[in-house]
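The sequence and structure come first, and the text follows.

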Amino acid sequence: MDEVLRGRGTVPSELIRGELRLTARPLLIASVVLAMSYGVCMSVFALVRGAGSSDAWIQLLASTVKLPVLFLATFVVTLPSLYVFNVLMGAKLSPKALLRLIAAMGAVILAVLASFGPIVAFFSVSTTSYPFMIVLNVTACGIAGVLGLAFLLRTLGWLVSALDEPGMPEAEPDAVAVDRITTDTGSEQAGLEEETTGSAEGQALAPAEDGEPARDAFDADRAVDDAGAERDEIAALREADRRRAKLVFRVWVVIFSLVGAQMSWVLRPFIGHPGMPFTWFRNRESNFFLSVLRALGQLLGG
């Protein structure tokens, strides 16, 4: 977890080769433990309001179990689309490496979320407002999700910056390609100068044609300009690829957020409504976003 949070497990040079130093199993175990710890903190409100009743303890058990299920189910639903986006955008992550990256993202999200657990537990003890607890938990999950998805986008951004140039060999980096263009141009210019210098003796014996030296200099300058234009065109194409890839991955981030939000609605309750008996799952009605708006309206007196 420490290596993930400090960025040591996602080395750009390894990502470009489609590798990842991290292993998925320890990250998944850590994620489950962190999710369970936050589930306990969420259910403190039910324990306090229920005064230790049997329903309150069952709610604690349900929240502890359902938090890991929520995140694992969201990852399973959205992983295929991320892999397809990864292939379409030219990134080289294998399915195994992509699974490790997703596990690292989940670990980041749940580490941030678990760090909010004591705050949620404190407000659960110090308030009686159920709408406030809904808004507080949604805010904590939103902040954790933003930080975790920013970690994913930053890591994928390193891959996007290494996309292959159109029409260029895969093993040839940008610097080598640019140096090769410059070298070829310099060789052409040197050849022109050598040809001009080598024929100096002949020019001394034969009358020089008007404008020939100027034409040679013009050809050399034009070769340099053509090489520069080619580099600019390649750079423009690569920048367009980067922007398109970043846009596609941002679309996936939106998909992940929507799936996660609605998945939490399907698996509710997590906090435990003080005026309703305990149940493992509520009836399918409304959606996550209307519920949050309703809680905001009640919290603000609407």
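**Burial**

A residue is called buried when its relative accessible area is under 20%, exposed when that area is over 50%, and partly exposed in between, with a 1.4 Å probe and protein chains only. The model is a predicted one, in which local features need pLDDT of at least 70 and side-chain atom pairs count only at pLDDT 80 or more, while totals for chains, interfaces and linings use all residues. Residues are numbered from 1 along each chain as its sequence is written, and side-chain values use heavy atoms, with hydrogens and water left out.

Of the protein's 302 residues, 39% count as buried. F45 is one case: its relative accessibility is 0%, so it counts as buried. Y130 also counts as buried, at 18%.

**Secondary structure**

Helices (H or I, at least four residues) and strands (E, at least two) are DSSP runs, numbered from the N terminus. The protein has twelve helices and zero strands.

Helix α7 spans residues 117-126, and its buried residues are G117, V120, A121 and S124. These cover an arc of only 100° around the axis, which puts them on the same side of α7; the arc is that of the directions from the helix axis to the C-beta atoms. On the face turned away from this buried side, α7 carries the exposed residues P118 and F122.

**Aromatic rings**

Rings of Phe, Tyr and Trp (its six-membered ring) form a pair if their centres lie within 6.5 Å; planes under 30 degrees apart count as stacked, over 60 as edge-to-face and the rest as tilted. Seven aromatic pairs are counted by this rule. In one of them, the ring centres of F45 and Y130 are 6.3 Å apart and the planes stand at 35°, so the pair is tilted. F45 belongs to helix α4 (residues 44-50) and Y130 to helix α8 (residues 130-160), so this pair ties together parts that are 85 residues apart in sequence. Elsewhere, F75, W252 and F256 are linked into a cluster by ring pairs.

A charge sits over a ring if NZ of Lys or CZ of Arg is within 6 Å of the ring centre and within 35 degrees of the ring normal. The charged end of K66 is placed over the ring of F281, 5.1 Å from its centre. R268 lies over the face of W265, with 3.7 Å to the ring centre.

**The largest pocket**

On a 1 Å grid over the protein atoms alone, a cavity is a set of points where a 1.4 Å probe fits but cannot get out, and a pocket is an open set with protein on both sides within 12 Å along at least five of seven lines; lining residues have an atom within 4 Å of a point. Grid points are joined across faces, edges and corners, and a volume is the space filled by probe spheres set on the points.

The largest pocket holds about 1100 Å³ of space. Its lining has 40 residues, and V138, S264, W265, F288 and V292 lie nearest the centre. Two or more lining residues come from each of α5 (54-88), α8, α11 (212-266) and α12 (288-299), and α8 gives the most, with nine.

**The largest cavity**

There are two cavities of 30 Å³ or more, and the largest has a volume of about 50 Å³. Among the residues that line this largest cavity are L28, P68, F75 and L110. Both α3 (24-42) and α5 supply at least two residues of the lining.
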